[in-house]
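This briefing covers a helix pair, a sheet and a chain contact. Please view the structure first.

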Amino acid sequence: MGASMELPVGRPLPGQRGALRAVLDLFSSVWFGVFWAVLLFIYCSIGSAVPRVRQLPWLEMTEFEWFHWWPFNVLVSLFCTCLIVTTIRKIPLRTVNLGVWMIHTGMIMLAVGSYYYFGTKIEGDAPVFRCQVRIEMPGLSGAATMLAVPGNHKVMMAGADAWHFEIQDTNTEWPILSDEHKGEKAFAVNVSVKPPSGEPFVRQLLVGYPQYTEDILPGKGRAIKALGRKLVDEQLRLSLDYEPQEYFHVMDTWALFVRKVGETQWTERPIEGLPRYHDRVGSRELVFTDPHEPLRLRAIDLPVDAPASGDALSAASVRVTSYLRHAEERRQWRDGGERLNPVLQLSVFAEGSPVQSYELAAFDPGHNEALDGNIRMLYVPETAKLEQLPTDSRAMLRIRVPESNVALDVPLAPQNIGGSLTAIEGTPYSYRVVDVHDGLALPGRDAPVSIAVAEIVTPEATFRRWVADQPELTRDMREGNADPHTVDAGPVDRRIEMTYQPRSAPLIFAAHPGGLYFVFNGPGGRAINRDVAVGESLEIVPGVSVRIDSYLAAAVAEVKPFIVPPAQRQRNAEESFAMIRLEVGTGQGVQSKWVHFNQYVFPDEQYAYGGRFAYSPERFRLPDGSQAEVVFSRKRVKLPNPIAMEDFELDTHIGGYSGSTSTIRNYVSRLRFLDNGKWTEPVPIAVNQPTEYGGYWYFQSMWDRPPQSDPSAGMNYTGLGIGNRHGVHAQLAGCCISVAGMIFAFYVKPVLKRRRAEEQRAKTDRAFGAEMVAEAAGVGHGYDG
Amino acid sequence: MVVAAIVGYAGYRGMNRAPRTDEGATAFATQVRLEPLYQTAVQADGRLRSFESHAKTYMGMVSGSRSVRGQSNGFTYLDLMFRPEEYADTDLIYVKNKEVRKQLLDALKGHPELTTQRYDVILVSGLMARKFVQYPPVAGLLQKLGQDLIRTSKVVDAIQSAMTVSDPRFLAENLRLIPPPSGDVSTPWFPMSNLVGAKMAPQDSAHAGMTMPAAGVPGLSSELSKSVADAWTGLQRAWKTQDAAAVNERVAVLANLLPTVAPSLYPSTGRLAMESWYFRYKSITWVWLFYLAAVAPLLMSVIYKWDRARTVGMVLFVLAFLAQSAAVGIRWYISGRWPNSNMFEAMTTSAWFGGVMALILERVARRTPFRNLFALGSAVVSMAALMAAYFLPAQLDSAINNKMAALNDVWLYIHTNMIIWSYAVIGLACVPALLLLRHRWCQSWDSGAVPRLRLFILPIALALLNYTGYVLLMHAIEPAAYSLTRGAFVGISGAFTGSLMIVMLEAMNARARRLSGAGFERGAAGGAAALILGGSGSPSFLRQERPTATQVFDGATMVLVELAFIMLWTGLVMGAIWADHSWGRPWGWDPKEVFALNTFIIFLILIHVRLKVRDKAFWTAVLAVVGFEVMMFNWIVVNFVISGLHSYA
């Protein structure tokens, strides 16, 4: 801004108007500057308020990319050019104009600083886990490690010598009971250890207190009390160590990581040009879609080249042929398989409630029941055996005493378990049911076993019988023999026969070679049993009916990604559910697979931490018979100084952490950096309190939220934002100068002018008289003169 | 006299809102005196709040700002907890979204108890009985609506949480009245069920009548433990038998006993009483009435230069400002932090900042024709802000919560306050700008330079332009949530284009007729420079005997625009400094940031356009209004629709 109207500098003389002059004149026009400012306003508004524009299929830009696209840079450059030209040509550098000069200079500095800042910006994030457990044992050279997160499992040695280790739990607030440190709290890791022989035990490790490592025997308490020594097995040495993080992943990037199966290090292949917001699929066959969501077919074919140093897939051609923004893997059935696999789809209609649809697969133990076990699907190989399906859905104990011709079917309701002895009428025996265990998984048996434990009193003896639903498993337990699994369980007293029929579903669908058979055992006994057909509606009770939607005898499961409709996508999911289809061509043909996006690439599945992080590598066969695995993730950068987490603390408001973030005042990670092979002293990093080390800044950004039920669990990792910040000081200086300039232009300049006018008036007063004042100060109409 | 009338009216309204005088409450409800509990602390969400404030928060989650049966929140809380069976048929659960409300009512049509009358009541009040929400077709519909994450899932989440909160077990478990006797700050307080075995709710058939054993309160003397437990069981019994006298007695006993459990932890009764009082009186947002009272005489003084109106207006304005200062101060005192970390606080505190700025400027410009314009601007802005808070409690939730960890920084105070202050000043600047535009319009009307019909249409076209522009913009931003039918889209686009053409045509005509040029005076000087130079011997219009209205309005607009320009820019820079050390980048192109920058760009354009155009006053006023609109867009649309990183304020 300046005195453009009054000053003759910008006004070209006739005959001097060259092309350069014309351009300079154009750029020193205030209107031209305003024009660019208006364009800037529009550009910013579109980028920010209407994200659909920058997300268009041919742009596919993040906010950051939109505001660093060349048109934006051109806009800002033209605006700045205008600013520079106008300032130099039209605003004389005088004290009164100092403000304008400062504002304009500040803005230019800010623009240049920002250009440098964003041009060199690297920004990303990394999780840092708290610790790992080192396992040292005789017969093992060196130490093995496992990540200290609950549920993590490791087996050492093989076969009969196998040791099983599992992280049972972690506790952030374990109170130390021993003398000098009594009352202090430490982070505890409990490792359950199952040695090849002997009792399993739990070894407790405390961060910072290796001297308090001790074993706990299940049911017996601390080893020091039970055995007189702290450790059950002194040879086995477990200790805690840092779990260093050496990389961080760069935001808004894509990369493929490749290694040979069995290797530990990944090789990175950057993926450039992959879309971000829109799906790219070349064929409908590849995906499942929502019937209401149209899918536009658009294929891509993006080569992903190996780095110069090569990797496990160097010899193959690797291409991305599809991209999905938000998809989940789904299984659907189609008929026509070679193997028998009965699958039934049905809908349940109940008056006044929405229709429920179910899918039942007879051979899939996880999917052969529905409605809390009230509907059951099974396969009966011989049609004749259909008659033997249960006729009562209640649990039953069938008692037969052949010598007295007694046959009893006793329903087992919860209230008559554990009751008093009942005599079996017409015999000298009596019994009572002590307990019932349904659906036990026994080693070596495919089908689950259900058992009723009965106490039987005969004139000779009292014993317990484990009555199984499979007669060959029924055992009698005499005194002194308590374990039913051992071979030397007593012989069965043949005088009393018992079979146990566990509670069965009231609705049973039995697939058989001739079709589909349906049984309904209502409260009053068997109501329906007959063959049924697809499309048939079966009224179970008045107001409730079941419709058979489809029945496939030899169903084949198709597993494909399902494109989640936009309305059902989690808003902040970003690219977490993205997938690509990878085509790997080797000399022996082409393999294509869908690969899920993983936020981070981890060395192995331990780091998935029970599903908190995605870890889903896909494998491809290589011509030499070996396999390569790939992970689809983001580019990563090696940290100059690996980081380890010393501790993580929550600073809470009154009443402590309740599960709601409003009770948290701050999150504090204490980190160590590896510098020249040595760990530094711990540095606290909290929200609003980052730290700089080795050229990168570290910010607190994520945490491992404990489950609501147990606030002392969780906090096994911390999430850090990591980035550089070159050029912030230029930006800041530019801003400060411009602020000072504004204050000068608005508030100091008028004072200067007023002073000058007063001086002028004093002078002219003395010389001419008051009537000349107006003219002398005439320039100063406002700040813009 | 006017003051007395307003105070009287506000007091009357306040009394009306007080719990016991409403119709619909039972005799028991009117006889129960819960005042002692208003000074009793409850620990929840990391805060110690008074029981009344606690009840307001939880009942607000259940019924929105609606009162259930005309009872106080505290009474409803206890009644729901002690006698849940009485509420089986009461419309309780608030369904905020009208569209969802209609859909739920449609699903409810098969329910035998839904009469036409009840249907209408629910449709208007938005409150539904728990059993209606649990009615299978409604539950099924809610499940379906919950899957639409763009349009309806938030409403469904709110209904589900209302169902959770209105469960008596939840209410009992979260009424943490007993401080830890150890005095430890990070130990959660204990609910009464730790002392008194809680009976399972009767609706749960499997556990009906089972009594959970009391876990006890570690460190609490058995004597105190017994007396608290006795008082509580007594209260429970008396409540069930509707014995108001016994209830009042136990309440008083409890209120005396509880602070003695851990005196070091217990907040002062004064603070708790203040918090209860503050929320019972609608967070003192009715001060908008005071501002309303000030606006009328201030307008008269500005337009008619009437001295008596001037005095009355200023006195009323100062009184309103003092009342609002008290509201801000009370909130500061009871929350223990400066109120600027949620939407309600940002809005009301910003308005208060506007008042501060107006008072400063009124002082500086007390001998100039600008006087009263700043006060008028502030009165209008504060009135609008407080009215929004008063009439839209569901959108602007006044509950006091801890601020997010990310906000715990000294820069919160520096950056946020600077920004909201600049927003207030932008609002202030809009008032004289609008007055100027109205003045222009009146001059044209009087002079007859433009056919009157066209002049009459102009403001209508402008209003239509704004409204249709807004609708189209929302549709562009989020087509799914702001869907338009084909017909509506065509209609709105047509209205938009039509009104845009009228406005453009008028602008061109005005240019041709030199209406905005030579025909009318040109306000050239303005802003601080006018004030500063006005003091000197220079011929500023401020020295003139009778400056024109255009000069005065334009000058005042510029004073405010300059301030807003500097403050907004400084606020942005401060935000960048904070973001640099909080998020790791000074600028993240977050929508909130971008639109603050956009507002700044508008003012930047304003200042440069002012250099070049002949009719400075007119274009300054137009751009000041545009700047205000962009600012409001940032505050409302960006916050509620395009929420980004700044979603908390």
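In chain B, the axes of helix H23 (residues 549-582) and helix H25 (residues 616-640) come within 10 Å and cross at roughly 45 degrees. The model is predicted: local features need pLDDT of at least 70, side-chain atom pairs count only at pLDDT 80 or more, and totals for chains, interfaces and linings use all residues. Residues are numbered from 1 along each chain as its sequence is written, and chains are lettered from A in the order in which they are written.

**Helix pair in chain B**
- Helices (H or I, at least four residues) and strands (E, at least two) are DSSP runs, numbered from the N terminus.
- Axes are lines fitted to C-alpha atoms, for helices over the stretch in contact, and angles run from 0 to 180 degrees between N-to-C directions.
- H23(B) and H25(B) are therefore oblique to each other (under 35 degrees is roughly parallel, over 145 roughly antiparallel, 65 to 115 roughly perpendicular, the rest oblique).
- B:Asp554 and B:Met558 are among the H23(B) residues that meet H25(B), whose residues there include B:Lys616 and B:Ala621 (contact: C-beta atoms, placed from the backbone, within 7 Å).

**Sheet in chain A**
- Three strands form an open sheet in the order S14-S35-S17, with mixed pairing (strands pair if DSSP finds at least two bridges between them).
- Strands S14 (288-289) and S17 (327-334) of chain A are at the edges with a single partner strand each, so one side of each has no neighbour in the sheet.
- S14(A) pairs with S35(A) (residues 556-563) in the parallel sense over two bridges, and A:Thr289 has A:Ile563 as its bridge partner.

**Contact between chains**
- Chain A gives 72 residues and chain B 70 residues.
- H8(A) supplies the largest share of the chain A side, 15 residues.

Definitions and conventions. Contact = placed C-beta atoms within 7 Å.
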